[in-house]
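Hi everyone, thanks for coming. Let me put the model up on the screen, and then we can walk through it together.

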Amino acid sequence: MADQTLDARGLNCPLPVLRAKQALLGMTPGDTLEVLATDPGSVADFAAFCRVTGHALLESACTDGDYRYRIQKSVTR
Amino acid sequence: MAGTMHEESESIATRRMSLIVTKGTLDWAYPPFILATTAAAMDFEVNMFFTFYGLPLLLKNLDLKLSPLGNPAMKMPMAGVHMGMPNMASMIPGVDAAASKMMQNLMNKKGVASIQELRDIALEGGVKMIACQMTMDLFEYKLEDMVSGPTIGGAATYIEAASNSDINLFI
């Protein structure tokens with residue numbers, strides 16, 4: 001289960017990533033953020049975001065055009 | 001003391017990006033603000049240098065417009081097809097304003113952020129904005145007409161920022 005959920009459905013690039021960053025800022029390191037999105041570009045973007053920032057992308061899933069991500073906040077950032 | 005600070009900055013290895021922003025139309029305002037906010041979200045230190053027609057993007061009151069004139073690639077989706085506009089149409093008063101309004105409505109409908117919103121996020125995210133002094137002087141803009149945050153600088157200020165950056169873009 002995620003510690004916090006962000007509904008970014010209906011938002012286009014770069015808003016899902018920007019909103020996720022804002023949410024992560026207020027979270028405790030090690031906690032997980034669930035992000036819901038409809039932007040197909042968010043699949044590649046959240047993978048890149050996590051590779052660069054060091055947050056762990058625990059899950060990246062798609063069901064009927066709805067994307068779901070689980071990101072664990074890095075303990076070093 | 002200085003040695004300690006150096007070691008700390010080495011271990012965090014801050015990445016940096018710089019952008020030169022030269023265009024201030026509704027469409028061209030997007031690439032620099034999208035990239036600057038995203039880079040800042042990815043822990044980059046970002047410097048935006050606003051010069052020439054990019055400078056009005058720092059004004060408190062944004063009134064962004066675009067023109068389909070000389071832009072055959074600008075085709076708007078309408079009733080399932082993509083419609084361009086002949087250059088001649090842009091000469092008619094009100095046509096560019098209507099095209100700008102149409103683009104704005106389309107962006108709102110598609111969940112695209114406004115430039116104001118991206119600019120706010122950039123400023124909140126610590127993006128450094130530099131207003132070109134020469135352009136301010138040339139077009140008679142005053143710092144008090146602009147959002148709070150930007151500092152004044154010139155080419156040397158940009159070159160220093162660019163020389164320390166991993167990514168440098170001219171838009």
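Where is the place of A:Pro14? A:Pro14 sits in the loop between S1 and H1 of chain A, and a cis peptide bond with omega of about 5 degrees joins A:Cys13 to A:Pro14. When I say helix or strand, I mean DSSP runs numbered from the N terminus: H or I with at least four residues for helices, E with at least two for strands.

A quick word on conventions. This is a predicted model, where local features need pLDDT of at least 70 and side-chain atom pairs count only at pLDDT 80 or more, while totals for chains, interfaces and linings use all residues. Residues are numbered from 1 along each chain as its sequence is written, with chains lettered from A and ligands numbered from 1 in the order in which they are written.

On confidence, pLDDT is the predictor's own figure for each residue, from 0 to 100. Chain A has a mean pLDDT of 95, and 99% of its residues reach 70 or more.

Now the sheet in chain A. Four strands form an open sheet with mixed pairing, in the order S1-S2-S4-S3; strands pair if DSSP finds at least two bridges between them. At the edges are S1 (4-8) and S3 (56-63) of chain A, each pairing on one side only. From one strand to the next, the twist averages 15 degrees. S1(A) and S2(A), residues 32-37, run parallel and are joined by five bridges. One pairing to look at is A:Gln4, whose bridge partner in S2(A) is A:Leu33.

H1(A), residues 15-25, covers S1, S2 and S4 (66-72) of chain A, at about 160 degrees to S1(A). H2(A), residues 42-53, lies across S2, S3 and S4 of chain A, at about 175 degrees to S3(A). Axes here are lines fitted to C-alpha atoms, for helices over the stretch in contact, and angles run from 0 to 180 degrees between N-to-C directions.

So what does chain A touch? Twelve of its residues are in contact with eleven residues of chain B, contact being C-beta atoms, placed from the backbone, within 7 Å. H1 and H2 of chain A each give two or more residues to that side, and H1(A) has the largest share, four residues.

Over to chain B, which has six helices and seven strands. Its C-alpha trace spans about 65 × 40 × 25 Å along the principal axes. Let's zoom in on one helix pair. The axes of H2(B), residues 30-41, and H4(B), residues 115-124, come within 9 Å and cross at roughly 30 degrees. B:Phe33 and B:Ile34 are among the H2(B) residues in that contact, and B:Leu118 and B:Ile121 are among those from H4(B).

B:Phe52, in the loop between S2 (44-50) and S3 (76-78) of chain B, has a positive phi of about 45 degrees although it is not a glycine. B:Ala79, in the loop between S3 and S4 (81-83) of chain B, also has a positive phi, near 50 degrees.

Are these two buried or exposed? A residue is buried with 20 or more other C-beta atoms, placed from the backbone, within 10 Å of its own, exposed with 12 or fewer, and partly exposed in between. B:Phe52 counts as partly exposed because it has 16 C-beta neighbours inside 10 Å, whereas B:Ala79 counts as exposed, with 5.

Technical notes: Contact = placed C-beta atoms within 7 Å.
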